[in-house]
Amino acid sequence: MGSVSSLIDKKEILDLISAFQNGDDNAFSELVERYNPLLNKEIGIYTKGSIIPRELYIEACIGLQDAARSYESGHHTTFGLYAKKCIHNAILDFFKKNKTIRPDCDIDKLYVNPSIDEKLASAER
């Protein structure tokens, strides 16, 4: 069982997600602030390329927004892990659409491995 602090954080996150799903744009701004380290970590994987980091930040935020819009509290994973996958895939979709990834990089191998996700989800429970 998690600590009281982590339970409060989970409840606060779920409350923010619910508020965003009900049209509260300020709730999404709060989610961006709380998940900014995750956004930056996922962006950091790709900042060595020719894409301007601001473009990647926007794509990462779109991934976070998609995660917040579609997340249901009954998921068998935490929102953080779910958001990470959505952010990662939003960035990769941007590269695929704009054909801006290095030619020597196999983009399909960059997608999150489902078996790894399952292991991470188990570790979070």
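The protein has 7 helices and 0 strands, where helices (H or I, at least four residues) and strands (E, at least two) are DSSP runs numbered from the N terminus; from that terminus on, the elements run α-α-α-α-α-α-α. This is a predicted model, in which local features need pLDDT of at least 70 and side-chain atom pairs count only at pLDDT 80 or more, while totals for chains, interfaces and linings use all residues. Residues are numbered from 1 along each chain as its sequence is written, and side-chain values use heavy atoms, with hydrogens and water left out.

**Burial, surface and contacts**

- Of the 125 residues in the protein, 32% are buried, a term that means under 20% relative accessible area with a 1.4 Å probe and protein chains only.
- The accessible surface of the protein, computed by the Shrake-Rupley method with a 1.4 Å probe, comes to about 8000 Å², and 55% of this belongs to carbon and sulfur atoms.
- Counting contacts (heavy atoms within 4.5 Å) between residues at least 6 apart in sequence, 55% join residues at least 24 apart.

- L31 is in contact with I13, L16, I17, L64, A68 and F79, once its neighbours within four places in sequence are left aside.

**Helix α4**

- Helix α4 (residues 53-70) has 18 residues and reaches 26 Å from its first C-alpha to its last, close to the 26 Å expected at 1.5 Å a residue, where the expected span is 1.5 Å times one less than the number of residues.
- The buried residues in α4 are L56, E59, A60, C61, G63, L64, A67 and A68.

**Loop residue Y71**

- Y71 lies in the loop between α4 and α5, and Y71 counts as buried because its relative accessible area is 6%.
- Not counting residues up to four places away in sequence, Y71 touches L14, I17, Q21, T77, T78, F79 and Y82.
- Although Y71 and L14 are 57 residues apart along the chain, their C-alpha atoms are separated by 9.2 Å.
- The side chain of Y71 also reaches the backbone oxygen of T77 at 2.8 Å.

Notes:
Buried < 20%, exposed > 50% of the residue type's maximum accessible area, 1.4 Å probe, protein only. Polar contact = N/O pair within 3.5 Å; in protein donor to acceptor, adjacent residues only side chain to side chain.
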